[in-house]
Amino acid sequence: MAKILILPGDGIGPEVMAEVRRIADTLAETHGLAFEFEEGNVGGAAIDAEGAPLAEETLQRALNADAVLLGAVGGPKWDSLPFDQKPERALLRLRKELGLFANLRPAIVFDPLADASSLKPELVRGLDLMIVRELTGGVYFGEPRGIEDIGGGQRRAVNTQVYTSEEIRRVAAVAFELARKRGNRVVSTEKANVMETGVLWREEVTALHAESYNDVSLEHMYADNCAMQLVRQPKQFDVIVTDNLFGDMLSDEAAMLTGSLGMLPSASLGAPDAQGRRKAMYEPVHGSAPDIAGQGVANPLATLLSFAMMLRYSFDHGDAADAVEGAVTRVLDRGLRTPDLVQPGTTKVSTREIGDEIRRE
Ligand code: NAI
Ligand code: MG
């Protein structure tokens, strides 16, 4: 039986996770899912219960699980802790120990929410693109780094962008494989015109494509142009693959095409094992929303859609993932909205109520 570790975390994490659990129970009946759920503490909740943001035992359970579903971590209660003891450390540790190098950030516009976009509704209606961001390399991690005195009252700061062939190829492979299950098109993005890492990126992606994925359409695009194209004509994209830095920017830009933080899921994947199974962690893009925590009004859909990604990418349960996404669309179509999405003419519902309606659908 597939083992899923649930880490609800802090703030609204437990509230939204409770709805996902109930919907998962319904899916177990309707779609024959056979999952064993375990729960653990992460972030501030783990600091309070176990004295550290990620207990060793929880980490071991994450390593042994087939997938991890995380709510959110952090909150004012733990803000004054030193940097290396903060709740957010748990996320970095999980990513590192699970070897999660590919961050998947879909930007999907559910038609009833097309008006919430930062763009004109007609530009985004039906939008469904996926950004694959390299997550463990590049300028955020490259050595040397640091700030040094260079005399004359001047200081110099250094961050180095480093990528190896292997780091580029493994994330590009994720993008190509995803594309095959979607629109079969990949845009690879870098700055090969001004960066050596961009030159290597383009060469490795091109070579991997020729060797193993020439059934997928591949286009190269400079990252600045990609940023522009995302707001000009976002529906031209299917899968975008890019490095850590550009991926950080482009995925946040793409997120705003959908307009609502409460709707954005994500997945982080590691290398496949001998059975082709990847370590994986799924989580909403939003944080713990301390301003609304405990009120029963948080939008559970980002976490639910993260769970749907888990069904699709970790367990090949595309049918159940489709059922979840279809139910979300129908509930939104009926005008039901948590407060973050309420517009004139829609009906305000609670976290629990929208969860109930999704189960019914
Ligand atoms: P946030 O995403 O928690 O909240 C930003 C705003 O969006 C707030 O007004 C919040 O009420 C609203 N919001 C977020 N998710 C929502 C949802 N599902 N339904 C309805 N409204 C929602 O970001 P913020 O305020 O910058 O950070 C709060 C805490 O969360 C901090 O401690 C931060 O470090 C942590 N955080 C954790 C993340 C994670 O666990 N991956 C990611 C981002 C922030
Ligand atoms: Mg960012």
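**View 1. The two assigned domains and the contact between them.** In this predicted model the domain assignment, which like all such bounds here comes from an automatic or database source, gives domain 1 (1-104 + 265-361) and domain 2 (118-258). The C-alpha centres of domain 1 and domain 2 lie 25 Å apart. Ten residues from domain 1 and eleven residues from domain 2 take part in the contact, two residues being in contact if their C-beta atoms, placed from the backbone, lie within 7 Å. On the side of domain 1 that touches domain 2, the elements giving two or more residues are β4 (102-108) and β11 (265-272), where helices (H or I, at least four residues) and strands (E, at least two) are DSSP runs numbered from the N terminus. That side of domain 1 has seven nonpolar, two polar and one charged residues; Ala, Val, Leu, Ile, Met, Phe, Trp, Tyr, Cys and Pro count as nonpolar, Asp, Glu, Lys and Arg as charged, and the others, Gly among them, as polar. Residues are numbered from 1 along each chain as its sequence is written, while chains are lettered from A and ligands numbered from 1 in the order in which they are written. Because the model is predicted, local features need pLDDT of at least 70 and side-chain atom pairs count only at pLDDT 80 or more, whereas totals for chains, interfaces and linings use all residues.

**View 2. The largest nonpolar core.** This core, a set of buried Ala, Val, Leu, Ile, Met, Phe, Trp, Tyr and Cys residues joined through C-beta atoms within 7 Å, has 105 residues, and those with the most contacts inside it are Val132, Ala175 and Ile240. A residue is buried if 20 or more other C-beta atoms lie within 10 Å of its own, exposed if 12 or fewer, and partly exposed in between, with C-beta atoms placed from the backbone. Helix α10 (residues 301-313) gives the largest share of the core, ten residues. Domain 1 and domain 2 both give residues to the core, so it lies between them. If residues up to four places away in sequence are not counted, isoleucine 240 touches Leu129, Ile131, Val132, Val187, Thr189, Cys226 and Leu250.

**View 3. The shell around ligand 1 and the backbone at alanine 289.** There are 21 residues around ligand 1, of which Gly74, His286, Gly287, Ala289 and Asn299 come nearest, a residue being near a molecule if its C-beta atom, placed from the backbone, lies within 6 Å of it. The shell around ligand 1 divides into ten nonpolar, seven polar and four charged residues. Alanine 289 is found in the loop between β12 (278-284) and α10, and alanine 289 is buried, with 23 other C-beta atoms within 10 Å. Although alanine 289 is not a glycine, its phi is positive, at about 40°.

View 4. Glutamate 143 is found in the loop between β5 (128-134) and β6 (146-151), and proline 144 has its place in the loop between β5 and β6. The peptide bond from glutamate 143 to proline 144 is cis, with omega near 0°. Glutamate 143 counts as exposed, with 9 C-beta neighbours inside 10 Å.

View 5. Aspartate 316 lies in the loop between α10 and α11 (318-333), and counts as exposed with 11 C-beta neighbours inside 10 Å. Phi of aspartate 316 is near 55°, a positive value in a residue other than glycine.
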